[in-house]
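Keep the sequence and the 3D view side by side as you read.

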Amino acid sequence: MRRAPLRRRLALRDLLGEALAGVAARPSRLALTTLGTVVGIAALVATMGLGQTASGQISGRFDATSAVRVVVEAGEREGTDGGVKITELPWDAADRVSRLAGVAAAGTFAQVAVEGAQVRGVPVSDPGGAVEHDVPVAAGSPGLFDAVNAVLSDGRFFDAGHDGRGDPVVVLGRYAAERLGVNRVDSQPSIFIGDRPFTVIGIIDSASHRSELLDAVVLPMGTADSLYGLDAPGALEIRTELGAAQLIGSQAALAVAPNDPELLNVDVPPAPGSLRDEVSTDVNVLFLALGGLALLVGGLGIANITLLSVMERISEIGLRRAVGATRRHIANQFVVESIVIGFLGGLIGAAAGVLATVGVSMARGWTPLLDPGLAAVAPFLGALIGLVAGTYPAWRASTIEPIAALRGG
Amino acid sequence: MTPSEPFLSSVLQDEHSEPPSAGRNHEEQGEQDQGRRTVVEMIGVCRTFPGTPEVHAVRDINLTISEGEYLSIVGPSGSGKSTLLHLLGLLDRPSVGTYLLDGVDVSELSDAKRSELRGERIGFVFQAFHLLQHRSVLENVELSMLYRRIPRRERTKRARDTLDRVGLKHRVEFSPQTLSGGERQRVAIARALAAEPSLLLADEPTGNLDSGNADAVLDVFDKLHGEGLTLAVITHDDDVSTRADRRVRIADGTLTDEVAS
């Protein structure tokens, strides 16, 4: 009894052969039928491929200078006893973090309270009144300039010697220099803070961060400490090696304040991973939806044309029934035909999607990234669509009575 | 015409054949009763189509075809010829009556079982040929063996042999579209023969052919008949029917035997 069903089932090779011959009979129609599936699968593969590619790149938003900046600031925290614990950055905070692997430059920064003293360019008391300016005064360690990528238009930065001795020298920010009427330093101009003279040794043209430096008169930390009694640096600027920001961010607090690392606020750039997610999701949702829609249309196209094909091939169906095909044989053939069409569409679509991914990557100068599994699965997704789309036409074909089918031409 | 062939009347055969019973196996019977085995036995077959009024396409058909017989069924259009063909070819079921094909009662079989039996026992030749346009002549002939458990290699070999038998050896790889009508019909005959049927059913086989091609096709039938094939040709054309060694006439759904001239 077990042989009976075996006997009625067509060998897979024969079934495939008949289906392929049926599909290949009208090549131009085949091309049209697969079009929807091709577009849908291509859209899906390209969307996912481009999503993967884009998230593999350092995106435009992820600019290289902010990716290497870590800022440590003194913070405060409520203690267990209800009191507020405050910490200060140590004077040598920059030296402490410089020992960490991955730190390219580090320097401290502070705002200096000058007790109401005005900053003036000339020591003359103008009888007419006012050449006084409200120029802010800041202090920095020698490493600060390198850490914020400061560029001089003239002169030089102060160094560890100036800092250690508390020399009365200043570096002017570009806008501060304009307001104070200083445009060159080779004549060793002086400015006055209150009544104290300071020699201007350099003028900063630009800096990538801490743009307040451009408005300020910058003293060495040691000078600010000895003359104005600065308590502690306000912030520590660190420029890391490319890619080391996350690591330094996790180590800096401990290096600066081993006793109370959690009291420091460490500001690090967002991890690349979180950026990736943003890039992928907003692009992908739209294109996946479009791809899905194209697939739906593609499936309907296959169903429609297979149904048309069934109606055209009524006489063939009749003949096959006459030579011994059962309803199941007929249904199987049409289902397999539409699976083949879907598979072909998926295959072409996957190829087109991979090409699109590579093409866009080339145009944008990206490294194309694509999960090979995605390209491998796509034809089978096409085949699945073919299976679903072919079911109804195949059922219709199987209900055709051979008598009706063989009548006439 | 082959007047030398022994003529067996249906009445005589009824007496000789065993009474119909469900368990009878045609192969056993074939071995016991070689040469005079009954291929087709229809007893009191009617086919009515529902409607108002109900249409009696054929009524009370009693027909026996024995192995090796060349029978023609003649009748004008609308006489029930096509219905009889469909009944004989297992394409339709009788409303009333019994139909034994090779001794197997086919009236009650399932659709799938009837399809299988049809593929094994019946070879069809249609007026409109019904060849697959996009397949080669060889593939068209192989088609009749596709739904049977015959290995691919064997199918090809038998298709080639059969094409040789109908004189189309030189057309094996051709497309049917390039063949003449007569050649197409011979391809169709080869297709029917390749499956080695018990009965070859031809429905107006020369209806679409000119007289020259029709004669060629009928000559093939004569040759096959000479080789022992059981043939039933349904036609309205007296020229075609006179080739057979036995003629029955159908009119208004009723069958009448005609003595062969």
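Start with B:Arg135 and B:Glu139, whose side chains join in a salt bridge at 3.4 Å, N to O. A salt bridge here is a side-chain nitrogen of Lys or Arg within 4 Å of a carboxyl oxygen of Asp or Glu. B:Arg135 is buried, at 11% relative accessible area, while B:Glu139 is partly exposed at 33% (buried is under 20%, exposed is over 50%, and partly exposed is in between, with a 1.4 Å probe and protein chains only).

Before going on, a quick note: this is a predicted model, where local features need pLDDT of at least 70, side-chain atom pairs count only at pLDDT 80 or more, and totals for chains, interfaces and linings use all residues. Residues are numbered from 1 along each chain as its sequence is written, chains are lettered from A and ligands numbered from 1 in the order in which they are written, and side-chain values use heavy atoms, leaving out hydrogens and water.

Now look at B:Arg243, which is buried at 18%. B:Asp222 meets B:Arg243 in a salt bridge of 2.7 Å, N to O. B:Asp222 sits in helix α8 and B:Arg243 in the loop between α9 and β9, both of chain B, so this pair ties together parts 21 residues apart in sequence. (Helices are DSSP runs of H or I with at least four residues, strands are runs of E with at least two, and both are numbered from the N terminus.) B:Asp222 itself is partly exposed, at 24%.

Salt bridges can also share partners: A:Glu18, A:Arg313, A:Glu316, A:Arg320, A:Glu337, B:Arg135 and B:Glu139 are joined into one network that way.
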